Structures are given as C-alpha cells and as structure tokens.
Amino acid sequence: MTRVLIIGGGGMVGQKLAHRLATSGLEGAQDLDVTLFDVGFPPASAPGAQITGNLTDAAVIQNLAAQRFDVIFHLAAIVSGEAETDFDKGWAVNMMSMWHLLEALRSEHNATGGAYVPRVVFTSSIAVFGGPFPDKIDDAFLSAPQTSYGAQKASCELMLSDFSRKGFVDGMSLRFPTICVRPGKANLAASSFFSGIIREPLNGQEAILPVPDTVRHWHASPRSAAGFLVHAAGLDTSRLGARRALNLPGISCTVAEQIEALRRVAGQKTVDLIVSRPNADIAKIVEGWPRDFNPARAEALGFKAEDSFDEIIEIYIAEDLDR
C-alpha cells in the first residue's frame, strides 16, 4: 500500500488532486491510502481521510511526519496578495511550515536508520522569478523574486533541494503557472482576477479587471495542476540531477487574448460583463511576474498542459461551471 498525504487537501488544487488519485491512482502504486490535511474542508470533500490542523503549529507537523507517508504533496500556502500585506503571516505559513516539515521528516529518516525517504512534491510558483525578463524564461534563468510570496516559495525550493541532496527526502519543486480558471469564489491572490474575468461572466456576474488588457501572463488549468502533481509523484528523480525545481508548461497570453477566447467560447454578451477598474496595488504586483516560458526541461520529462486558452475555458465549463 502507498500512503499519500496532501497538505492543503481542502483547497481547490488539493481537492482536484484527491479526486484524480481516486479515479486514476499513481503510476506504480497498486493500492492508495490518501489522507487530506488542512485547516478546513468543503462540505462535499474529495475522498480520503481528513485531518484538521494548522501548519504554523510545529507539533501538528511532527505528528503528520510521524505517520511516515510514502508520498507527501505540499500545496498549502497563503496566497500572493495576503503574503504581501501580512509579512509575518506570509513567512510563518509559507516558509517556516516547510522548515518544520522537513526537519520532522529528517527526524523520522534518522529514526529508521535512513530507510524512510519520502517523496515530497512542493507546489512552488513562477513568482520565484523577477524582472527584467527575457521574451521567454528558459530553464537557466535566475530566480530573483520581487514579492514576499515569491521569496517564500524560493526559500522552500532551496530547503527542499538541500534536504534531498542529503538524502533525508526525495523532493522536487513544481513552479506552477497561474491556475485558471479557478472555480468558486475569488481569493486574496493578486492573480485572482485572471480567473475572475472568465468565471464571473460565465456565471452571469460582473467581473472587475484591475490591470490593462495588455498584461501578459502564464496559465494552466486546474486539471493540468492535478496532472502535474500526479506525474511528479511517479517521476524518476534521478533524471533531475541536482536541479530539483521545474518550470512547468502552460499558455502565455494577454488579458485581451483571454477575453477574445471568452468571446469565441461564450459570446459578446458574456464579455460585456467585464468592467475595467484599475487597481495600482495589484498592477504593481503583477508587473513583477514573468509572462512567458520555454519549459523544455519539464516537457522532456513528460509534463503537459493545454494548447490554448480556449481549451482552459472549455475545461472550466465542463468540470466546474455552476458547481
């Protein structure tokens, strides 16, 4: 039996991942036992045992590590906008929780004489990069974040790489594109509007666009997010060498191109529900984010995303509209 822990299992991506594991499993694992950990769960949660707790409590993390899960997905974080406005909370939740988790896993590793080496898959972010940007960011581009959120994610990448180098865990960091279209209500992420300008109009609601429609960004669907995680869990990490962070595939498009895709899929009346209302704070954060990638390394390792933003919208309609 392969025992799986999803930290952040109550969130949107965690729920998508849990459903994916329930239907498709993991490569090479005949039988899965999935546990979800979070501060809370939606009413109709995905399959799996549930543990409620807070990652800022080191004792809670130690109790999770003591269960010696084979595969650990670390998805939990406070989002970019909140991490920027609440400096202390951002570092406590996004960085210190990773330190305590890795230290607890190292303790379990040592207690077994080195026999316990869990696979740890961490959801990082393209926010680890900062400008000035080339036309496309390749796999050799410098990680130099310009937000607290990006700095916290980059710190976790470095910790996970070092603990893996020492053999305490077998980890990798996945630099997710902005996941779009996210179902449900808007969150405090500065990137939330990328989903909102699609989701709200498709649900017959007005959507606020806080940045110019010339803003370009890097996207993938929630379906792809779950696929990235499942693929990473079964990957032969010896193929990564010493570089355990990956830029993942996605779609680069401007906000105007997003809106044109929405027009093609749902018509002009839907597009008319988007209202421009500039927000300088959001625009400043988004300005420091990358816009396009050449994720050749991840693609060579078998990671896949959508081919167009139209496809991303169609996935939302098929899987999450009105749910």
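**Exercise 1. In which helix is Thr23 found?**

Solution. The model is predicted: local features need pLDDT of at least 70, side-chain atom pairs count only at pLDDT 80 or more, and totals for chains, interfaces and linings use all residues. Residues are numbered from 1 along each chain as its sequence is written, and side-chain values use heavy atoms, with hydrogens and water left out.

Step 1. Helices (H or I, at least four residues) and strands (E, at least two) are DSSP runs, numbered from the N terminus. Thr23 belongs to helix 1.

Step 2. Relative accessible area is classed as buried under 20%, exposed over 50% and partly exposed in between (1.4 Å probe, protein chains only). With a value of 67%, Thr23 is exposed.

Step 3. Between the C-alpha atoms of Thr23 and Ala280 the separation is 43 Å, and the two residues are 257 residues apart along the chain.

**Exercise 2. Describe the overall build of the protein chain.**

Solution. Step 1. The chain contains 12 helices and 12 strands.

Step 1. Its radius of gyration, taken over C-alpha atoms, is compared with the globule rule, 2.2 Å times the number of residues to the power 0.38. The radius of gyration is 19 Å, close to the 20 Å that the rule gives for 323 residues, so the chain is as compact as a globular protein of that length.

Step 2. Along the principal axes, the C-alpha atoms fill a box of roughly 65 × 40 × 40 Å. Of the 323 residues, 54% are buried.

**Exercise 3. Characterise the two pockets.**

Solution. Step 1. On a 1 Å grid over the protein atoms alone, a pocket is an open set of points where a 1.4 Å probe fits, with protein on both sides within 12 Å along at least five of seven lines; lining residues have an atom within 4 Å of a point. Grid points are joined across faces, edges and corners, and a volume is the space filled by probe spheres set on the points.

Step 1. The largest pocket holds about 1,300 Å³ of space. Its lining comprises 50 residues, and Leu75, Ala77, Val79, Arg182 and Asn187 lie nearest its centre. Among the elements that give two or more residues to this lining are helix 1 (12–24), helix 4 (87–111) and helix 5 (148–165).

Step 2. For residue classes, Ala, Val, Leu, Ile, Met, Phe, Trp, Tyr, Cys and Pro count as nonpolar, Asp, Glu, Lys and Arg as charged, and the others, Gly among them, as polar. The lining of the largest pocket has 24 nonpolar, 19 polar and 7 charged residues.

Step 3. The second largest pocket holds about 450 Å³. It has 16 lining residues, with Gln15, Lys16, His19, Pro183 and Asp320 nearest its centre. Helix 1 gives the most to this lining, 5 residues. By class, the lining has 7 nonpolar, 3 polar and 6 charged residues.

**Exercise 4. Which strands form the open sheet, and in what order?**

Solution. Step 1. Two strands pair if DSSP finds at least two bridges between them. The order of the 3 strands is 7-9-11, with mixed pairing.

Step 1. Strand 7 and strand 11 (251–254) are the edge strands, each pairing on one side only.

Step 2. Strand 9 (residues 216–220) pairs with strand 11 in the antiparallel sense over 4 bridges. His219 has Ile251 in strand 11 as its bridge partner.
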